[in-house]
Amino acid sequence: MLWLIILGVVGLAFAPAMWLRPSQRQQRVMGLRDLARESGVAVRIETSPLHEDGDTLPAYRWRYPSQHPGPDFLLVRDAVASQALKPFLPGWRWRVEPLRPLPAVARDGLEALLECLPEDAVVVESSTACLTLWWDESCSNEAFADLDERMRALRDDLANRPDYPEAHRRAQLPRVPPSAGG
């Protein structure tokens, strides 16, 4: 009887520690985020760009070189998009379409990426600063390596294609100080 009491007390002492232990999914996601960060991908949990959705989602960002900004666009998976949005590919709709047509190589890369994304990937977004994937982190580390390669290739194909190239060029010009005594 004394042993039963001792086991009960020990069990009660270790129970909170077991509750604090990360689940298998949490451990897998932590490993995935570490792998992404090691390869230069910025990972943040932010409010999702989905319309009327206050939920947060992981955002994985592949940055464009600062001298080579990307175009602005936002593609949403059909399952979470309004039917009023313009279709792009089966299963994907434009919320924000790029102002200038994408070059063929970038369009082909984007189409290939969208076809291979996991079902929990709900938004692919590009801004002048980065290419972003909004998703629920469902893939393994091995599958992420392939995804990372595809996202990098697309980022490279989209780089230096800003929607407003003249504004970007003016911002990059060196400033000439006013002449003294002029």
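Analyst: Cut-offs come before anything else: buried means under 20% relative accessible area, exposed over 50%, and partly exposed in between (1.4 Å probe, protein chains only). Helices (H or I, at least four residues) and strands (E, at least two) are DSSP runs, numbered from the N terminus. The model is predicted: local features need pLDDT of at least 70, side-chain atom pairs count only at pLDDT 80 or more, and totals for chains, interfaces and linings use all residues. Residues are numbered from 1 along each chain as its sequence is written, and side-chain values use heavy atoms, with hydrogens and water left out.

User: Which residues of helix 2 are buried?
Analyst: Val29, Leu32 and Ala36. Seen down the helix 2 axis, they fall within an arc of 60°, so they line one face. That arc is taken from the directions from the helix axis to the C-beta atoms.

User: And which are exposed on the other side of helix 2?
Analyst: Gln24 and Glu38.

User: What covers the buried residues of helix 2?
Analyst: The cover includes strand 1, strand 2 (56-63) and helix 4 (141-158). Contact here means heavy atoms within 4.5 Å.

User: How many bridges join strand 3 and strand 5?
Analyst: Four, in the antiparallel sense, between residues 73-77 and residues 92-96. Leucine 74 stands opposite valine 96 in strand 5.

User: Now the rings. How many aromatic pairs?
Analyst: The count is five aromatic pairs. Rings of Phe, Tyr and Trp (its six-membered ring) pair if their centres lie within 6.5 Å; planes under 30 degrees apart are stacked, over 60 edge-to-face, the rest tilted. Phenylalanine 73 and tryptophan 94 are edge-to-face, at 5.7 Å centre to centre and 85° between the planes. Phenylalanine 73 is in strand 3 and tryptophan 94 in strand 5, 21 residues apart.

User: Are those two buried or exposed?
Analyst: Phenylalanine 73 and tryptophan 94 are buried.

User: Which residues form a ring cluster?
Analyst: Tyr60, Trp62, Trp135 and Phe144, linked by ring pairs.

Note on methods
Two strands pair if DSSP finds at least two bridges between them.
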